[in-house]
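Here are my notes from a pass through the model. Have it open beside you as you read.

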Amino acid sequence: MARARILVAEDEPSIAQSLDFILRRADFDVDLVGDGALALDMMKRQSYGAVILDIMLPGMNGFDVLRAVRAEERLAALPIVVLTAKGQANDRRTAEAIGASAFITKPFSNAEIVERIRELTA
Amino acid sequence: MVEKLAGLKIRSLRRKAGLTQSELARRAGISASYLTLIEGNKRTVNGALLNRIAAGLGVERTTLDGSGERQLAESLREVAADPALGARSIPPASPEELVGRYPVWADLILRLYGAFQDERQMVMALADRLSGDPFLAESVHRILTGVTAIRSAAEILADQGALRDEERDRFASMIANDSDKLSATARSLVAFFDNPNVRVRSATPMEHVDAFLFETDNHFPTLEAGAEEFLAGLRPAETVEAAAVRMTGPAADTPRSRIEPSETRRFRLVRAALAPIVEAEARRLVGQHAALGSEEARELALVALLNYATGAVLMPYEPFLRAAEEARYDLDRLSRLFGVSYEQASHRLATLRRRGDEGVRFAFMRSDPSGYVTKRLPLQGLPLPRYGTACPLWPVYRAFQTPGVTIASFGELPTGDQFLFFARAVEKNPPLAGLPRHLLSVMLACPVGQAGRVGYGDGIDRKTAMIPAGVFCRLCPRPACVHRQEPSLIA
């Protein structure tokens with residue numbers, strides 16, 4: 001079976017690098033992007049097994065990206081994990097309402113990320 | 001309500017003086033049983049009888065007519081209507097009962113409420129700040145980002161076996177970098193909370209000053225005397241302004257003074273020259289008064305008294321009262337005659353209360369466009385709200401629609417008391433580019449019985465143009481009023 005490709009949309013370089021490292025070590029291919037509009041573009045052009053989407057992104061925030069993705073017929077079922085901040089219950093409700101597949105709360109553990117991505121790409 | 005307070009007051013003063021009912025009745029020339037009825041609030045006490053009872057008790061008549069207590073009762077009524085206290089209706093026992101029987105407790109309730117208001121405002125300001133402060137929101141985001149990065153990299157490092165050397169170095173240096181950033185964020189957060197710049201204005205000291213002015217009837221004979229002394233010291237043909245300059249030197253030339261209205265500058269100049277003459281007396285008046293419970297309140301009251309004395313110099317009692325009566329209280333005319341602003345003249349009108357030589361008794365209220373009351377001097381029968389905005393029908397608010405124009409109207413309160421109200425929105429400070437004009441509305445009100453002496457009521461038909469007004473919505477029983485902002489607790 002071909003390795004699933006994961007898009008990580010996260011503008012903080014340290015977090016992006018760690019995610020890149022742990023996902024590759026868990027046998028995924030990874031694309032990194034630090035801008036919301038670019039992330040949307042890549043989802044439209046590439047075929048991803050899952051997307052990890054931060055809310056606080058420059059260019060176009062995570063909510064807007066998610067809305068645009070769900071409006072595309074081809075991307076309507078794409079698994080998207082939204083990274084939210086602990087205590088930001090409103091963010092979570094909003095993301096749920098516009099079609100997030102799962103949430104991971106910062107600060108997260110690496111094992112949690114890998115496990116969740118495995119579930120969604122199984 | 002008036003009688004109730006008088007009855008209770010008479011009884012408590014009589015007991016305090018160690019007099020029996022029959023002894024006081026004898027002194028007042030009435031029967032003991034009639035006094036029993038009066039003390040039990042079963043009979044009205046009229047003017048002449050009240051005078052005799054006061055003489056019998058050896059107190060001033062004003063001690064008995066209970067105006068201070070009525071004010072206290074009005075304030076308690078307002079407190080009872082505060083939705084924050086959860087009252088769905090006004091308590092059945094009247095506040096007058098409480099004030100009459102337990103004045104100290106009544107006063108304590110008001111003080112407690114004042115303190116509660118202060119705390120409530122502080123909490124609201126802090127809550128606003130915490131939830132809406134962009135710096136805090138940004139800091140929380142940075143902390144979470146930093147912690148997430150460090151945790152993730154640390155977990156990778158902890159899993160040692162799987163790492164190459166250069167990977168270990170990369171994640172170790174990431175942790176070092178992110179720790180640095182996190183420390184900087186933590187430091188700026190600490191600095192933020194160390195900075196005591198959350199200042200919430202306490203409403204209490206200003207209220208104490210209001211109470212002080214009300215209890216002293218906003219008239220200070222010794223300050224009037226101080227002002228006369230100042231005027232007596234003028235050299236022949238010397239103006240007040242010239243004397244002030246002679247005594248303290250010319251006013252400082254600052255960017256602000258260059259654009260301020262001439263009346264404001266004149267007022268400041270005279271106040272500076274007058275202060276050394278009247279300050280000791282003003283401090284004495286302030287220092288001995290029970291209503292001024294804090295240093296802050298005493299300082300505010302001192303400023304109010306210095307302004308009072310300055311007003312008395314610029315608008316000396318006798319000539320000002322004569323001119324006011326002659327001009328039928330036309331504030332524009334009075335301002336021009338005495339070289340003062342509309343607001344300064346309005347203030348002075350509310351102080352013309354010398355016994356035996358009184359002007360029209362005015363209530364005074366000043367509000368900003370948001371409805372915040374910045375000065376208040378209530379009147380018997382016309383309580384001015386302490387903790388909220390007043391009736392929207394009062395001209396104090398309408399005046400903002402046409403700044404510089406005096407708006408007058410007759411109004412009848414639900415109690416049946418009628419008043420002549422007149423207000424004007426005046427520009428407090430010169431306009432600053434890009435900011436709205438700094439307008440304050442100044443309102444005077446007098447009982448309808450005295451309105452005949454005041455020109456602002458001329459031409460208004462009291463029968464057809466008597467506006468059914470209130471004091472404020474929560475205590476107003478007029479269900480059909482289209483200006484109602486919130487439901488009434490008593491309708």
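Which residues does Ala309(B) touch, not counting those up to four places away in sequence?

1. Ala309(B) touches Leu223(B), Gly226(B), Ala227(B), Leu274(B), Val278(B) and Ala282(B). Contact here means C-beta atoms, placed from the backbone, within 7 Å. Before going on: this is a predicted model, where local features need pLDDT of at least 70 and side-chain atom pairs count only at pLDDT 80 or more, while totals for chains, interfaces and linings use all residues. Residues are numbered from 1 along each chain as its sequence is written, with chains lettered from A and ligands numbered from 1 in the order in which they are written.

2. Ala309(B) is also one of the residues that touch the most other members of the largest nonpolar core, which has 84 residues; the others are Leu420(B), Met443(B), Leu444(B) and Ala445(B). A core is a set of buried Ala, Val, Leu, Ile, Met, Phe, Trp, Tyr and Cys residues joined through C-beta atoms within 7 Å. Buried is 20 or more other C-beta atoms within 10 Å of a residue's own, exposed is 12 or fewer, and partly exposed is in between. Helix α15 (residues 262-287) of chain B gives the largest share of this core, nine residues. Helices (H or I, at least four residues) and strands (E, at least two) are DSSP runs, numbered from the N terminus. The core lies between domain 3 (203-359) and domain 4 (360-491) of chain B, because both give residues to it; the bounds come from an automatic or database domain assignment.

3. Now the strands, which count as paired if DSSP finds at least two bridges between them. β5 (residues 407-412) and β6 (residues 418-429) of chain B run antiparallel, joined by six bridges. They form a hairpin with five residues between them, and Gly416(B) in the turn has a positive phi of about 95°. On its other pairing, β6(B) is joined by 10 bridges to β7 (residues 438-447) of chain B, again antiparallel. Phe421(B) stands opposite Ser409(B) and also opposite Ala445(B) in β7(B).

4. On to the chain contact: 14 residues of chain B meet 16 residues of chain A. On the chain B side, α9 (134-158) and α10 (165-194) each give two or more residues, with the largest share, 11 residues, from α9(B).

5. Last, Asn46(B) sits in the loop between α3 (32-39) and α4 (47-57) of chain B. Asn46(B) is exposed, with 9 other C-beta atoms within 10 Å.

Note on methods:
Two residues are in contact if their C-beta atoms, placed from the backbone, lie within 7 Å.
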